[in-house]
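Have a look at the structure first, then read on.

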Amino acid sequence: MTSRRALIRRPGPRLAHGLLTHIERDPVDGELAIGQWEAYAHALREAGWETLEVPPADDCPDAVFVEDPVVVHEDLAVIANPGAAQRRRETIGVEQTMRDLGYRIARIAAPGTLDGGDVLRSGDTAYVGLSSRTNGAGIQQLATHLREFGVRTQAVPVERALHLKSAVTALPDGTVIGWDPVVDDKEAFPAYEAMPEEGGAHVVILGEDQLLMAASAPRSAELLRARGYAVTTVDISEFEKLEGCVTCLSVRLR
Ligand SMILES: NC(=O)NCCC[C@H](N)C(=O)O
């Protein structure tokens, strides 16, 4: 029925030891996390996406956040060089999966660092967070890789959030939505709208009029429903305790 596929990666036994930067540790319930991850994958499939599992990386606590080790554009998979050293081994299995799927492979190389969570594509622009994980050299390398597609890359400062997409995402019509307390530069975007909750800044575009959001942002979901979007919500509380959000749990391949 569909050519839409999404990469996901099952959480491993060390999930509770995932990295934290901006929040205090709150114990993660591993079993609940697996149930939430399965419900997330189910929501993708219900919306017509085929889910492809990258083999788990059980020694990497944050491997479930599969968006971070790769940026995919058309037939090119840019393997990231994660800014946190302990996340770098996550790229091995992701690269193998992308090769097996027939993607061309490019790489972000040291001294460049880049996490996929910092890359927000909207229209013909890639906004890339200059964050604690992604540096200027990484952004320049990504810009070079994306140039062949006519994609323009624009760096955006990120100081108050982990990744650019922890602070903002984009609606199908190009409006960038964010949670003001962690957005450093609203002026970077041609159209910006504030959401009332932190999780309200995170949308996975399931279709032209269909969004996936976290259950932790009910008021934002209502606002977006009022704009005509069909919004599916999933509870991802255990991943939010690790600074994860709906966007980072999958990579949509189009
Ligand atoms: N793209 C994302 O927002 N990923 C979330 C990563 C959370 C993980 N605990 C980390 O600090 O790397």
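Let's start inside. The second largest cavity has a volume of about 50 Å³. A cavity here is a set of points, on a 1 Å grid over the protein atoms alone, where a 1.4 Å probe fits but cannot get out. Grid points are joined across faces, edges and corners, and a volume is the space filled by probe spheres set on the points. Lining residues are those with an atom within 4 Å of a point.

Helices (H or I, at least four residues) and strands (E, at least two) are DSSP runs, numbered from the N terminus. By class, this lining has nine nonpolar, no polar and two charged residues. Nonpolar covers Ala, Val, Leu, Ile, Met, Phe, Trp, Tyr, Cys and Pro; charged covers Asp, Glu, Lys and Arg; the others, Gly among them, are polar.

## A word on the model

This is a predicted model: local features need pLDDT of at least 70, side-chain atom pairs count only at pLDDT 80 or more, and totals for chains, interfaces and linings use all residues. Residues are numbered from 1 along each chain as its sequence is written, and side-chain values use heavy atoms, with hydrogens and water left out.

## The largest cavity

In total, the structure holds two cavities of 30 Å³ or more. The largest cavity comes in at about 140 Å³. It is lined by 20 residues, and the closest to its centre are Asp68, Arg87, Leu162, His163 and Glu243. Its lining splits into seven nonpolar, six polar and seven charged residues.

## Pockets open to the outside

A pocket, by contrast, is an open set of points with protein on both sides within 12 Å along at least five of seven lines. The largest pocket has a volume of about 740 Å³. Among its 29 lining residues, Arg121, Ser122, Ile205, Arg252 and Arg254 are the closest to the centre. Two or more lining residues come from each of β3 (70-73), β6 (119-122), β9 (168-170), β12 (204-207) and β15 (251-253). Sorted by class, the lining has 13 nonpolar, nine polar and seven charged residues.

The second largest pocket holds about 310 Å³ of space. Its lining counts 15 residues, with Glu198, His202, Glu240, Glu243 and Gly244 closest to the centre. Five of the lining residues are nonpolar, six polar and four charged.

## Helix α1, one side in and one side out

Helix α1 (residues 30-46) has 17 residues and reaches 24 Å from its first C-alpha to its last. That is close to the expected 24 Å, which is 1.5 Å times one less than the number of residues. Asp29 caps the N-terminal end, with a side-chain oxygen 3.1 Å from the backbone nitrogen of Glu31. After α1 comes Gly48, whose phi is positive, near 95°.

Which residues of α1 are buried? They are Ala33, Gln36, Trp37, Tyr40, Ala41, Ala43 and Leu44. These residues sit on the same side of α1 because they cover an arc of only 155° around the axis, taken from the directions from the helix axis to the C-beta atoms. The face turned away from the buried side carries the exposed residues Glu31 and Glu46. Buried means under 20% relative accessible area, exposed over 50% and partly exposed in between (1.4 Å probe, protein chains only).

Terms used:
A polar contact is a pair of N or O atoms within 3.5 Å; within protein, one must be able to donate a hydrogen and the other to accept it, and residues adjacent in sequence count only if both atoms are side-chain atoms.
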